[in-house]
Amino acid sequence: MMPLERLLPSWPEYHDRLMTIGPMGYTLALNVRYLTPQIYVSTYPDSWVTEYTKGRYVLLDPVALWCAAHTGNIRWSEISVPALAASKRGVMARASRAGLRYGAVSSQRNRDQNAQRCGLSISREDRELEPDELQEVADILSAVIAHVGPFGGLSVDQRAVLTELANGHQIADAAKKLRISEPTFKRRLEAARKSLGAKTAMQAVALAAARGLLGLSE
């Protein structure tokens with residue numbers, strides 16, 4: 001199951017459409033703070049993902065830096081970061097050699113948490129994206145953002161039960177504190193576990209904490 005399919009049943013359709021627009025793949029980063037996304041999906045070639053990750057290219061990637069400072073839609077070839085002069089050793093040159101020769105990105109803010117940024121970058125090997133294709137990429141990103149929300153797909157109630165467990169409270173005490181029944185607490189906990197793709201409740205707590213989902217203000 002794709003990571004987003006648990007949260008968004010229509011995600012496979014979006015995925016298929018993105019792979020049609022960008023046969024070389026795409027990278028989706030949702031609710032990014034300090035270059036760390038709550039949800040991250042990449043379908044770029046494994047060899048490129050490995051090279052990019054090991055080389056920590058995100059710190060020198062003109063596309064990532066543009067998204068950190070701007071909102072909107074733009075082709076990779078139109079991005080200008082003066083501090084990163086184009087060279088045969090640059091990130092984009094390396095991407096091109098990996099087959100990611102053309103691309104575009106949509107950068108948007110989460111309307112419920114303005115400090116969070118979301119980006120969808122997409123690539124193909126043969127040509128630039130057409131304006132209508134780039135707009136479709138932006139529309140898909142908007143739809144995903146609206147569905148997932150600012151807390152990685154978790155509702156306020158789901159975050160509350162996870163937070164209580166993270167604070168060391170037992171279910172009975174946590175339910176009493178939240179003024180809900182134990183069965184209701186357990187239902188919300190199970191829904192949170194499924195949303196996060198966790199195998200156990202404790203793993204759900206750990207994942208939520210690692211993604212910064214328990215420390216964000218309401």
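At what angle do helix α7 (residues 171-178) and α8 pack, and how far apart are their axes?

Tutor: First, the ground rules. This is a predicted model, in which local features need pLDDT of at least 70 and side-chain atom pairs count only at pLDDT 80 or more, while totals for chains, interfaces and linings use all residues. Residues are numbered from 1 along each chain as its sequence is written, and side-chain values use heavy atoms, with hydrogens and water left out.

Two packed helices are described by the angle between their axes and the distance between the axes. Axes are lines fitted to C-alpha atoms, for helices over the stretch in contact, and angles run from 0 to 180 degrees between N-to-C directions. Helices (H or I, at least four residues) and strands (E, at least two) are DSSP runs, numbered from the N terminus.

Now your pair. Helix α7 (residues 171-178) packs on α8 at an angle of about 100°, and the two axes are 9 Å apart. That angle makes α7 roughly perpendicular to α8. On the α7 side, the contact uses Ile-171, Ala-172, Ala-174, Ala-175 and Leu-178; on the α8 side, it uses Glu-182, Phe-185 and Lys-186. Contact here means heavy atoms within 4.5 Å. By class, this contact has 6 nonpolar, no polar and 2 charged residues. Nonpolar covers Ala, Val, Leu, Ile, Met, Phe, Trp, Tyr, Cys and Pro; charged covers Asp, Glu, Lys and Arg; the others, Gly among them, are polar.

Helix α8 (residues 182-196) has another partner. The axis of helix α6 (residues 156-166) comes within 9 Å of the α8 axis, and the two cross at roughly 100°. So α6 is also roughly perpendicular to α8. From α6, the contact takes Asp-157, Gln-158, Val-161, Leu-162 and Leu-165. From α8, it takes Phe-185, Arg-188, Leu-189, Ala-191, Ala-192, Ser-195 and Leu-196. These residues divide into 8 nonpolar, 2 polar and 2 charged.

Buried means under 20% relative accessible area, exposed over 50%, and partly exposed in between (1.4 Å probe, protein chains only). Thr-184 and Val-161 are 23 residues apart in sequence, yet 10.0 Å apart in space, C-alpha to C-alpha.

Helix α6 also packs on helix α9 (residues 201-210), at about 100° with axes 10 Å apart. That makes α6 roughly perpendicular to α9. Leu-162, Leu-165 and Ala-166 of α6 meet Met-202, Ala-204, Val-205 and Ala-208 of α9. The count for this contact is 7 nonpolar, no polar and no charged.

Next, the cores. A nonpolar core is a set of buried Ala, Val, Leu, Ile, Met, Phe, Trp, Tyr and Cys residues joined through side-chain atoms within 4.5 Å. The largest one has 23 residues, and those with the most contacts inside it are Leu-4, Trp-11, Leu-18, Leu-28, Leu-30, Leu-120 and Val-144. Two or more residues each come from α1 (11-21), β1 (25-32), β2 (39-42), β5 (113-124) and α5 (131-148). Helix α5 gives the largest share, 7 residues. A second, separate core has 18 residues, including Phe-151, Ala-175, Ala-204 and Val-205.

Aromatic rings come next. The whole structure holds 5 aromatic pairs. Rings of Phe, Tyr and Trp (its six-membered ring) pair if their centres lie within 6.5 Å; planes under 30 degrees apart are stacked, over 60 edge-to-face, and the rest tilted. Tyr-52 and Tyr-57 have ring centres 5.7 Å apart and planes at 75°, so this pair is edge-to-face. Both tyrosines are buried. Elsewhere, ring pairs link Trp-11, Tyr-14 and Tyr-26 into a cluster.

Finally, the whole chain. The protein chain has 9 helices and 5 strands. Buried residues make up 43% of its 218 residues. Its C-alpha trace spans about 60 × 35 × 30 Å along the principal axes.

Definitions and conventions:
Parallel < 35°, antiparallel > 145°, perpendicular 65-115°, else oblique.
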